[in-house]
Every structure is written in C-alpha cells, then in structure tokens.
Amino acid sequence: MAQERLDRALAGTGRWSRKEIRDLIRQGRVQVDGAVVTRPETKICPETAQVRFGAETVPLQPFVYVMMHKPEGVLSATEDARRKTVLDLLPEPLRRRGLFPVGRLDQDSTGLMLLTDDGPMGHALLSPRRHVDKVYLVELEGQADGTDVQALASGMILGDGLRCLPARLELLDGGGRCLVTLREGKYHQVKRMLAARGKPVRSLKRLSMGPLRLDEGLAPGQWRMLTAEEMAALRQTTGRDAL
Ligand code: URA
C-alpha cells in the first residue's frame with residue numbers, strides 16, 4: 001500500500017492549515033495506531049492507519065476500494081465460522097474497516113472481486129436498474145454452439161421460472177471455452193443457464209465488472225487498491241461523485 005507523510009495525509013482532510021497540522025503533531029496531539037507521533041514527516045498508510053486527534057478518530061480516506069483476484073475455495077462473504085472468506089485474505093487493518101464484497105462469486109469461482117466500505121457505491125454497481133455488464137470466462141463440459149448463443153441472446157427462462165435478461169455468449173476454441181456477458185447477477189446464473197443448455201460449467205472466472213478489468217498481474221489470492229483511473233471510471237458508471 002502506498003505510504004504518505006502524516007502531515008500531507010492530514011492536510012488532505014481540509015480541516016487544518018499545514019502550519020496548524022505541523023504544530024499539532026509536534027505538540028504530541030496526534031496518534032497513529034495508538035502511539036503518539038511527533039514528526040510531521042512520519043510515513044503512514046492512509047488506507048489503513050488509524051489517526052486520532054485527542055479522542056477523535058480522523059478519517060483520512062472516507063472509503064477504500066480493493067481489487068482482488070478471488071481464488072478458488074474461498075467464500076464471497078464477510079465472515080464464516082468454518083470456511084475462509086475473501087476478507088480473511090486482507091490484512092487486519094483493512095478487515096477492521098468493514099469492507100464487503102460487491103457481488104458474489106461462487107466458492108469454486110475465481111476472478112475479479114471488488115471489496116469496499118462504500119455502501120452506496122456498492123449498491124449502485126449491483127442495482128438491477130443499472131445493468132452493469134459482468135464478463136465471465138467459462139470452461140464447459142462439452143462445447144457450446146450457435147444454438148446456445150441464440151438461446152442466451154433471446155433471454156432464457158430457467159426451469160424454476162427465472163427469467164434472464166438477454167446475455168451474450170462468445171465461443172472460444174471451438175466452443176469448449178466461452179465468454180459470457182451478463183447484465184444482471186442472479187444466484188448461480190451462468191452455471192444455471194449453461195446447465196439448462198446441457199453444457200455444465202467446469203470452471204468460471206470473472207474478468208470484468210463494468211469498467212473494472214481483473215488485473216492479470218494479480219495472482220489468485222492477491223489484491224491491490226483501485227487506481228485513480230479505475231475510480232474515475234467507476235464514478236462515471238455509477239453516476240456517483242462521492243468516491
Ligand atoms: N454465475 C455463476 O453461476 N457463478 C458465479 O460465481 C458467478 C456467476
């Protein structure tokens with residue numbers, strides 16, 4: 001995580017002048033992670049550091065946005081008594097912030113997972129009204145063909161009556177691997193649509209969600225903060241200025 005000088009991080013809150021900040025720090029009135037810090041140039045991590053001014057916690061960054069490459073076998077949940085969750089892959093200071101996964105992936109699915117503590121933004125991304133595209137790379141048992149492409153494009157109705165919005169199926173490698181683009185995110189939707197076509201899914205990896213693409217430099221289980229460009233793109237997609 002990127003480090004920043006304590007005085008600069010506090011200046012970013014807009015609450016004090018730079019001179020006031022330096023004075024407050026030198027007077028020993030600022031604590032970082034429970035310890036008094038008296039050097040304004042002390043490096044901190046603005047995403048995770050707990051900065052206090054007297055009895056007050058000063059939020060340096062109102063929200064945090066994490067891109068993770070979700071590995072297989074990990075739950076898209078915030079906690080579970082027995083099984084490992086995506087939150088367990090983050091360091092303790094980030095876990096303390098109350099991040100949640102935006103959109104679920106099955107336990108055996110992999111790929112792009114966004115975690116944030118910005119509830120309104122998370123809800124805006126998932127809102128059925130916004131139809132944010134999600135792209136999945138799937139490996140099938142058997143091979144998909146043009147009739148499957150047509151069936152998904154015309155909007156499937158599954159056995160339990162679930163009506164799916166039209167979805168895009170692109171055949172790769174003769175149909176054994178495909179890209180599926182959904183504009184919604186119902187429970188097990190990709191697997192259920194393809195199973196209904198007689199082509200069960202062997203593996204599923206989410207490549208993108210709206211403007212966010214999985215950073216292929218992230219190995220399964222690794223994560224990083226979103227870049228300024230990714231945040232700007234998210235802001236545009238969700239129509240939110242508050243990021
Ligand atoms: N559709 C599925 O069936 N599983 C996932 O994990 C995501 C989309």
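A polar contact is a pair of N or O atoms within 3.5 Å; within protein, one must be able to donate a hydrogen and the other to accept it, and residues adjacent in sequence count only if both atoms are side-chain atoms. Keep that in mind for the ligand here.

This is a predicted model, where local features need pLDDT of at least 70, side-chain atom pairs count only at pLDDT 80 or more, and totals for chains, interfaces and linings use all residues. Residues are numbered from 1 along each chain as its sequence is written, and side-chain values use heavy atoms, with hydrogens and water left out.

So who sits around the ligand? The shell, meaning residues with a heavy atom within 4 Å, is made of L105, D106, S109, Y136, H188, Q189, V190, K191 and L204.

| Residue | Part of the residue | Distance |
|---|---|---|
| S109 | side-chain N or O atom | 2.8 Å |
| H188 | backbone N or O atom | 3.2 Å |
| Q189 | polar backbone atom | 3.4 Å |

On its own the ligand has 240 Å² of accessible area, and the protein covers 97% of that (Shrake-Rupley method, 1.4 Å probe).

Helix α6 (residues 189-196) gives the most to this shell, with three residues; a helix here is a DSSP run of H or I with at least four residues.

Now zoom out. The ligand lies between domain 2 and domain 3, because both give residues to its shell.

Conventions
Helix = DSSP H or I, 4+ residues; strand = E, 2+ residues; numbered from the N terminus. Domains from an automatic or database assignment.
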